[in-house]
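Please look through the sequence and the model below before reading on. The numbered points that follow are meant as a first orientation.

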Amino acid sequence: MASAELQGKYQKLAQEYSKLRAQNQVLKKGVVDEQANSAALKEQLKMKDQSLRKLQQEMDSLTFRNLQLAKRVELLQDELALSEPRGKKNKKSGESSSQLSQEQKSVFDEDLQKKIEENERLHIQFFEADEQHKHVEAELRSRLATLETEAAQHQAVVDGLTRKYMETIEKLQNDKAKLEVKSQTLEKEAKECRLRTEECQLQLKTLHEDLSGRLEESLSIINEKVPFNDTKYSQYNALNVPLHNRRHQLKMRDIAGQALAFVQDLVTALLNFHTYTEQRIQIFPVDSAIDTISPLNQKFSQYLHENASYVRPLEEGMLHLFESITEDTVTVLETTVKLKTFSEHLTSYICFLRKILPYQLKSLEEECESSLCTSALRARNLELSQDMKKMTAVFEKLQTYIALLALPSTEPDGLLRTNYSSVLTNVGAALHGFHDVMKDISKHYSQKAAIEHELPTATQKLITTNDCILSSVVALTNGAGKIASFFSNNLDYFIASLSYGPKAASGFISPLSAECMLQYKKKAAAYMKSLRKVQQSLEKISKLEQEKEHWMLEAQLAKIKLEKENQRIADKLKNTGSAQLVGLAQENAAVSNTAGQDEATAKAVLEPIQSTSLVPDVESREDLIKNHYMARIVELTSQLQLADSKSVHFYAECRALSKRLALAEKSKEALTEEMKLASQNISRLQDELTTTKRSYEDQLSMMSDHLCSMNETLSKQREEIDTLKMSSKGNSKKNKSR
């Protein structure tokens, strides 16, 4: 029990460990994925930072260029303002200068227009960069939120795993304590078993010595008294009478009686089926009272008329088989000679079925060719023809297996003993096949009868005959089902009863040896009856001898009393007078007469006692001594028988103790092996606990470090995003002001 519990707990721990390892792999994969994502985000941030720096440099250069252009425009405007009054004063002189200023103005306008376009293009690029920056910032924020939620989930998983790990550690520690207590109790039990085994070994040693002495004595007696061992050779052993199993014989007779009843029902149903089929041929399709039937149906009717001579012997054969199974016989396949007769009767019935089968098929074809036959009726007739073929085939198969079962009682080499069980199984299968075929016949014939009853030419005689045939088919179906279920229910008993035979042998060698064994069994039964009569006569003789001894003692006591009384009377006669002498003499005569009568009766019942003195003579003394020693011998023989019975009982107890000792040693070895396995499992579980604990601690530390690094990177990314926001806002403000 302890080893089973340990193995169950170890399996649970192994399953939990495998689950934790799978979860650990998933976590590792998630951490690796997060590391890859953070590295990709870092690369993206670097690229965005570089693009922002380029844009910042372009913005700085553009602002510087704009400042230069603005200063230049202011200078040009100042020069233009100064050149206008001068132009008014000296228009003439200023014509040339006006032309120059127009050219310069046009150049300045073109340059200004280019700068304005370039500034618009830069504003557009800045707006697009700002929008792209906002989009990237929103993506990074959503990614940051998802990463934070995933980190929280991972942290919750890690917390759950640590909690579960601590619970498993606590549970394993409790189991370890329980197992230690159980191991201590097992060690105590093992010590007690060792002490018991030592005691049993001592007892076994003494018993072995005693039994070895008895064995030598019995072997010497066997070698001196037994002429030969008849169980050594199977030919001689087959002639030995097996132990009489009255229960087996009663069971076999009961089974044979049930089988006889089933066979009688089948025989009655078969007789009715064939007889009513013959009547139907005389009626349909042509009524013999109106017109002559076909020659085929005449021949078929003639054969069917002979069915009783083939069917009745089946019942007779089964009856003879039942009568051969009595309480005094030994019923096995080698002794059931009457089974061969039943098999022969079944063979003759199958020959009858083979003979009538072609006529039956042709008769059905003739019905199909009749003008009264419809298509549905033709289909039913075809089905019935197939069913009749199947019925004949099933009977042939059944007869084959029954003939095989009858071989051991006639030809011992015809069927091996190892094939008995398979043949019996096939008999059961054939009976079930017969039942299935009869069910099909009953179904198809009922459909055929229903169709024929609807015909306009159907007579009452045909309807009655069809009903009779249908009832006989139903009876056949029920009988086949009953005998099939009966055989299946008793199949295991049939197979088990095949080993019933001579002791220490595989079975009877031949039917001749089985017959000789049955003759020896009858002689042995007669001998046992004579021994029983002798025993009863000896018991009567012993009772009569005891009664004889009792009455002999009673007679001796009466004799002693008589002699004492005579002595007393003689003493009184000496002391009394002559007057009293006459009365005393008369009284003495009366007493002597009564004593003589008692003595005569004692002599008639018992042996005569010739002595008349107070002390018994030599013969009576010898008889007393003889009786005493006979009683002593009887007492000693009874004590010897009691001692023998006690020794047999003691021998049986010794054998039981030796078996118990062997079982105890086996259980001890099994317990020691279980203890070793339990200790190995405990040590292995402890090692696995330590390794799993270390691995979980390492994984937790790695995961915590990784989470810290992720938090740091996320904080840095937030700071960079904030700085990018600030710089973009400043640039946008500067561009707006510009």
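1. How much accessible surface does the chain have, and what share of it belongs to carbon and sulfur atoms? The accessible surface amounts to about 48,300 Å², and 57% of it belongs to carbon and sulfur atoms, with areas taken from the Shrake-Rupley method using a 1.4 Å probe.

2. This is a predicted model, in which local features need pLDDT of at least 70 and side-chain atom pairs count only at pLDDT 80 or more, while totals for chains, interfaces and linings use all residues. Residues are numbered from 1 along each chain as its sequence is written, and side-chain values use heavy atoms, with hydrogens and water left out.

3. The chain holds 14 helices and zero strands, where helices (H or I, at least four residues) and strands (E, at least two) are DSSP runs numbered from the N terminus.

4. Of the 738 residues, 29% count as buried, meaning under 20% relative accessible area with a 1.4 Å probe, protein chains only.

5. UniProt, in an unreviewed entry, places the feature "coiled-coil region" at residues 3–72, 137–196, 527–561 and 654–695, although such annotations may be inferred rather than shown by experiment. Over residues 527–561 the chain is 100% helix and 0% strand, with the end C-alpha atoms 51 Å apart.

6. The axes (lines fitted to C-alpha atoms over the stretch in contact) of helix H8, residues 375–406, and helix H9, residues 420–453, come within 9 Å and cross at roughly 160°. H8 and H9 are therefore roughly antiparallel to each other, a term for angles over 145 degrees.

Definitions and conventions. Buried < 20%, exposed > 50% of the residue type's maximum accessible area, 1.4 Å probe, protein only. Axes fitted to C-alpha atoms, helices over the stretch in contact; angles between N-to-C directions. Parallel < 35°, antiparallel > 145°, perpendicular 65-115°, else oblique.
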